[in-house]
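Good morning, and thank you for coming. Please take a moment to look at the structure on the screen before we discuss its side-chain contacts.

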Amino acid sequence: MLNSKVAIFILSASLSLITIVCSGGDNTVGRAPKIATPIATPTKIATYTETETPEATKSSVKTGGEFTRLLDDPPTLDPALTGDTNSAVVVVEIFSGLVSIDTDLNIIPDIAESWHTNNEGRTYTFYLRDDVSFQNGKPVTAHDFKYSMERALDPATESTVADLYLNDIVGAAAKLNGSSNVVSGIRVLEDHILEITIDAPKPYFLAKLTYPTAFVLDKENVESGSDWTSRPNGTGPFKLAEWEIGSKLRLERNDLFYNNPPHLS
């Protein structure tokens, strides 16, 4: 099956007390058009075909195979603009963030291997793994997270969800309204140490960071052109291999994935 983050994505959003905009609604994601009202859900919405690879014959764990799912074209593959489930299903496979959530709804380490809080629970210090790279091999650092969150909060990005998921961070409002170029509550202490300060102790803050708005992006990739999402350089378990609008969107395994590459091809 696909990465478990897909199955628990909506539950993650529920933890942070935010409702996801479902397909067929009246809301839009950034500049994307309205999501078309979906047709009646077919009885069979997914298929799995197992094709054993030569490597699998040498191991008790089978690899390869394809998982096929029927869904509308995602309005966006930009994590900062993701506000619908069709986009989220794909985005969580291509990108990842500081923390994730397991099937028991526990917050678990992702790119941040550990963290601690101080300042009465207002300041989080995240210690990033040093073996994480983007899909092109470029190492991920705390600077990338700072850039990504500040970009999501930049009014020019036109994110409709950044204010919901990142508004607890000190300085987020100033960035959103254009009165500041940076978010004062996000600081890079070292290449693999990120500090985030929020306006008050909030037990649900980490859960909000599991939403795509807080996922890490490659600045060079994002600034390569307005069509950068057609060739996203993420950190997730899969990477975009092909996208024919209205026909198919195909992902393939990211062999550089830091948390063990998925068995599914």
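I shall speak about aromatic pairs and then about salt bridges. Please keep in mind that this is a predicted model.

Let us begin with the rings. A pair of aromatic rings is described by the distance of the centres and the angle of the planes. Searching the whole structure gives six aromatic pairs. One of them joins phenylalanine 95 and tryptophan 228, edge-to-face, with 6.5 Å from centre to centre and 75° between the planes. Phenylalanine 95 sits in the loop between α3 and β3, and tryptophan 228 in the loop between α8 and β9, so this pair ties together parts that are 133 residues apart in sequence. Is phenylalanine 95 buried or exposed? Its relative accessible area is 1%, so phenylalanine 95 is buried. Tryptophan 228, at 5%, also counts as buried.

Phenylalanine 257 and tyrosine 258 form a tilted pair, 4.6 Å centre to centre, with 50° between the planes. Both of these residues are buried.

We turn now to charge. The count of salt bridges comes to 14. Among them, arginine 151 meets aspartate 78 at 2.6 Å, N to O. Arginine 151 belongs to helix α4, while aspartate 78 lies in the loop between β2 and α3, so the bridge ties together parts 73 residues apart in sequence. Arginine 151 counts as buried at 13% relative accessibility, and aspartate 78 does so at 4%.

Finally, salt bridges with shared partners join Asp168, Asp199, Lys202 and Lys208 into one network. Thank you for your attention.

Technical notes. Residues numbered from 1 in each chain as written. Predicted model: local features only at pLDDT ≥ 70, side-chain atom pairs only at ≥ 80, totals over all residues. Heavy atoms only, no water. Phe/Tyr/Trp six-rings, centres within 6.5 Å; stacked < 30°, edge-to-face > 60°. Helix = DSSP H or I, 4+ residues; strand = E, 2+ residues; numbered from the N terminus. Buried < 20%, exposed > 50% of the residue type's maximum accessible area, 1.4 Å probe, protein only. Salt bridge = Lys/Arg side-chain N within 4 Å of Asp/Glu carboxyl O.
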